[in-house]
Amino acid sequence: MYKEKTIPVVVNDIRDETAFVKRFRLSSIDGKPLPKFSGGAHISTYIEAKELLVRQYSLTSNPDHTQHYEIAVRLSDISRGGSRYWHKSMKVGDKLHISYPKNHFPLSFKAKHHVFYAAGIGITPFLSMMKELQSRNASFELHYASKSRDACAFYDFHQKHYLNHCRFYFSNKKERISASSLEEHPIGTHVYFCGPDTFISDLTGSAYQLGYPPSAVHMERFTPPQPKEMKPFHVQLTDGTLIQVSKDQTLLEALLNNGVKAPYSCRVGRCGTSELQVIEGEIAHYDSFLSEEQKRDQSRILTCVSRAKSELLVLNV
Amino acid sequence: MTLNAGFVPGKRKYVICGDQEGLKQLSCLIERIKEEGLLHEIFVWEGHVEDSQLSNYLMDQKMGTYLYVAVPHRQLQKVKRVVEVTGLTDEEARYIGYGEKVIRVFCCRCHEVNEVTSHLKEIKCHQCKLELSVSDHYSVYHNAVLGYVAKL
Ligand code: FES
Ligand SMILES: [Zn+2]
């Protein structure tokens, strides 16, 4: 029914974390424990609304406690339906399907010390990671930037459990995470960044400039990386139709505008729904769904974010 | 002769660790680092320096540090192990051995480790006197290649 194997779950608790962030507790319908996962893992949630909504959320609960999962959802200002549904329509007792946990953002096993840098809702993957590290008695610290204390999700939780591991930066108090903080980490440190694109690229750039080896720098993006230059290109459909994709338009938008019923859901290259087969042409991949190998294979494209490297792509649609 | 240690640019600090001879061999590299005005420190590593001195020193260093080690071949593995425990990876360090290269050969009969010069194909175990042929099977656990019975 869905693009991958799923697990039916029921929502059995909903809490307001801040004015814009809600926490949801999910457990299996038969009451059995859910699959094990590791710190930093996420799930896809499948909601049958007017259209199928597929979204990815980091698991925020303790990896050792799989009687239930927890996720935290921020109501997005530009919600295309996913976070709005979670916030406005989801009720305790509602059922949905979720994928098995996947982890693109695992903890390093080599690190002597782990340092997390979060901005806003970028805190979510770190919750399970810190829980895992604490139970392993490993060394870690968190730098967490938020608009204000009120808008800071999990503030009380961190104060209570990790008081000496956390530093908060509230922009309404003119506090900012500065790249100079990266200068202070002892050798053997691994750093992890999660937040808006610019937050990640600024910190990553600073870390490399200081001479951090690439393997010690980890990041998780919630939005697709912006292609440096958006070049126009053409796609050809199986019936010979030629469609132009302008430089400020995604391939998906061009297809939909031209009446092609192209599938999609998340629109940020994370769910896999918008995949189409490519018969000819070179693809510039910008998604975080396909594996490196699948990307190298150059035979499928996620139309919501990826583009053409060559002038023309021939699509099997 | 000076060793070509391959300068790795873009690090906030360089640590050069070696004995007198090793440092002499790295003089070109050290000159270059000085000329470019880069932050650097020299750690003199002589045989009598305790391992803990080197590891304590390294553990005080911050991310972005690059390490060069130049010591006699026979000591290279030992220094490397001290460094690795501190968390500094192969990506952040370069190891240069000089002088006669020795290899460690693990005797398949008495489990003694024999240190020999590297070009030998057959050796006699100095403990049990067995003739051993030197294989290229390296055991991380023994930090030695395996020596098999040469004559059956
Ligand atoms: S719509 Fe989700 S990957 Fe494109
Ligand atoms: Zn022997």
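In this predicted model, helix H4 of chain A is followed by A:Gly211, a residue whose phi is positive, near 105 degrees. The helix itself runs over residues 197-210, and its 14 residues reach 20 Å from the first C-alpha to the last, close to the 20 Å expected at 1.5 Å a residue.

Within H4(A), the residues A:Phe199, A:Ile200, A:Leu203, A:Thr204, A:Ser206, A:Ala207 and A:Leu210 are buried. They cover an arc of only 165 degrees around the axis, and therefore lie on the same side of H4(A). An α-helix has 3.6 residues a turn, so residues three or four places apart point the same way. The cover over the buried residues of H4(A) includes strand E7 (113-119), strand E10 (189-195) and strand E11 (217-221) of chain A, whereas the face turned away from the buried side carries the exposed residues A:Thr198 and A:Gln209.

Chain B provides the donors of a metal site: the zinc ion (ligand 2) is coordinated by the SG atoms of B:Cys107, B:Cys110, B:Cys125 and B:Cys128, at 2.3 to 2.4 Å. Along the chain, these donors follow the spacing C-x2-C-x14-C-x2-C. The arrangement around the zinc ion (ligand 2) is tetrahedral because its 4 donor atoms subtend angles of 104 to 116 degrees. For four tetrahedral donors, the ideal angle at a metal is 109.5 degrees.

| Residue | Relative accessibility | Class |
|---|---|---|
| B:Cys107 | 0% relative accessibility | buried |
| B:Cys110 | 24% relative accessibility | partly exposed |

B:Cys107 counts as buried because its relative accessibility of 0% falls under the 20% limit for that class.

Methods: Residues are numbered from 1 along each chain as its sequence is written. Chains are lettered from A and ligands numbered from 1 in the order in which they are written. This is a predicted model: local features need pLDDT of at least 70, side-chain atom pairs count only at pLDDT 80 or more; totals for chains, interfaces and linings use all residues. Side-chain values use heavy atoms; hydrogens and water are left out. Helices (H or I, at least four residues) and strands (E, at least two) are DSSP runs, numbered from the N terminus. The expected span of a helix is 1.5 Å times one less than its number of residues. Buried means under 20% relative accessible area, exposed over 50%, partly exposed in between (1.4 Å probe, protein chains only). The arc is that of the directions from the helix axis to the C-beta atoms. Contact means heavy atoms within 4.5 Å. Donors are N, O and S atoms within 2.8 Å of the metal (3.2 Å for Na, K and Ca); water is not among the atoms, so sites may look incomplete. Four donors count as tetrahedral if all angles lie between 85 and 135 degrees; four count as square planar and six as octahedral if opposite donors are over 155 degrees apart and all others between 65 and 115; anything else is irregular.
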